[in-house]
Each structure stands twice: as C-alpha cells, then as structure tokens.
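Have a go at each task before reading its solution.

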Amino acid sequence: MSLLQANFFLRDDVVQIAKELIGKELIHVLPDGTELSGIICETEAYRAPEDKASHAFGMKRTQRTETMFMQGGCAYIYLCYGIHELFNIVTNSEGIPHAVLIRGIVPKKGLEQQLTNRKASSYKRGLMIGPGKVTKALSITRELDGASILENSIQIHEGIAIAENLLQSGPRIGIEYAQEWKEMPWRFWV
C-alpha cells in the first residue's frame, strides 16, 4: 500500500478530506519496529475560523491549538477531559486551522498488541470506535503532536475502497456548545 502524499492533505476542503479518509489505513510504527494499524472507519471535519466546534474558532491560538496552524500533513494530538489523547490530521495550507479527527478504526496489523492496549481479550465490534479508543489501541500519544505523518512513525496509506452507498454522514458528536455548527453533517462513517 502506498503512503498518502502531501497534496492529499494540502487541499482546502477539509470535509472532503474527512470523507476520503474513510477506508485509508492508519499506521503507527512503534520504536521497536512493531506496526499497529487499522482501517479508518469514522472521521469528523473541523474547519476554523468560522466553525464554532473547532479549537481554533475565530483563529484562536493557544499552546494547544498552535499545531492546527501548521501545514497540512501533521498530527494534532491533544488531551480531552484530562483523560483521552485524541488524534487529528491537520489539513490545508500553513496558517489555516483545519483538521480531521480520527474517530474509529477496524484493526488490521498488530491486533494482539491493540487488544492488550485496550485491555481486551478478544475483538468485538465497537472496541476501537471512539477517538480515545483509537489512540489507546494504536499507542498514539501527545509526544507525536506536530509530527509529520508523511515521514514519521504515524502514517496514512491507501487502504480499501468503500462503496459510496456504504458511506454515512451526520452531525459531529459532543459539541453541543457549537450552536448552529453542531448540526453540520461533517462526521463520516461506514
């Protein structure tokens, strides 16, 4: 499978990118060379500055959001609720804070390690659906925040083709505060 190139992430339509990431393979190569991977099956798009659900709404720059302003093709990983580390892919040109949250995967490589990471004895549907579950399964931590996914231990490769009729879309989850933006159908799943 081939590594997705920079031009995939540098486009200006983050919603289209979120949709096209469904079926791609997310790979994390651990320091010992072990590969953990999964087929992306759920994403959400965030498009600042106007998107009230985005951490960078109104071009808000903080220590946490600074990564969102980097050039597309890097990892934006942050702590949610003081518990979960969530993995996003920054898109678009430098200075335009767009990102895609990876919400779910179907495990592919390194299933046993992923099960250990999730403290599970067997794989069940939904075990890796939820952005905190994805990072736990793939051993992705905030240490990789800002890392290029084009030349680092986290990579996105071509995966499997998803038939258009299987692709679903709807409102994003957990953003009740975002007023009218909470209804945007920018979550995609199979």
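**Exercise 1.** Find the hairpin formed by E3 and E4, and the turn residue with a positive phi.

*Solution.* Three residues lie between E3 and E4 in this hairpin, and Tyr-81 in the turn has a positive phi of about 55°. The model is predicted: local features need pLDDT of at least 70, side-chain atom pairs count only at pLDDT 80 or more, and totals for chains, interfaces and linings use all residues. Residues are numbered from 1 along each chain as its sequence is written, and side-chain values use heavy atoms, leaving out hydrogens and water.

Next, look at the strands (DSSP runs of E, at least two residues, numbered from the N terminus). E3 covers residues 75-80 and E4 covers residues 84-91. They pair (at least two DSSP bridges) in the antiparallel sense, over six bridges. One step to check: Tyr-76 has Asn-88 as its bridge partner in E4.

**Exercise 2.** Is Tyr-76 buried or exposed, and how is its ring placed against Tyr-78?

*Solution.* Start with E3, where five of the six residues are buried (under 20% relative accessible area, with a 1.4 Å probe and protein chains only). Both Tyr-76 and Tyr-78 are buried. Now take the rings: Tyr-76 and Tyr-78 form a tilted aromatic pair, 5.2 Å centre to centre with 35° between the planes. (Rings of Phe, Tyr and Trp, the last by its six-membered ring, pair with centres within 6.5 Å; planes under 30 degrees apart are stacked, over 60 edge-to-face, the rest tilted.)

Notes:
Buried means under 20% relative accessible area, exposed over 50%, partly exposed in between (1.4 Å probe, protein chains only). Helices (H or I, at least four residues) and strands (E, at least two) are DSSP runs, numbered from the N terminus.
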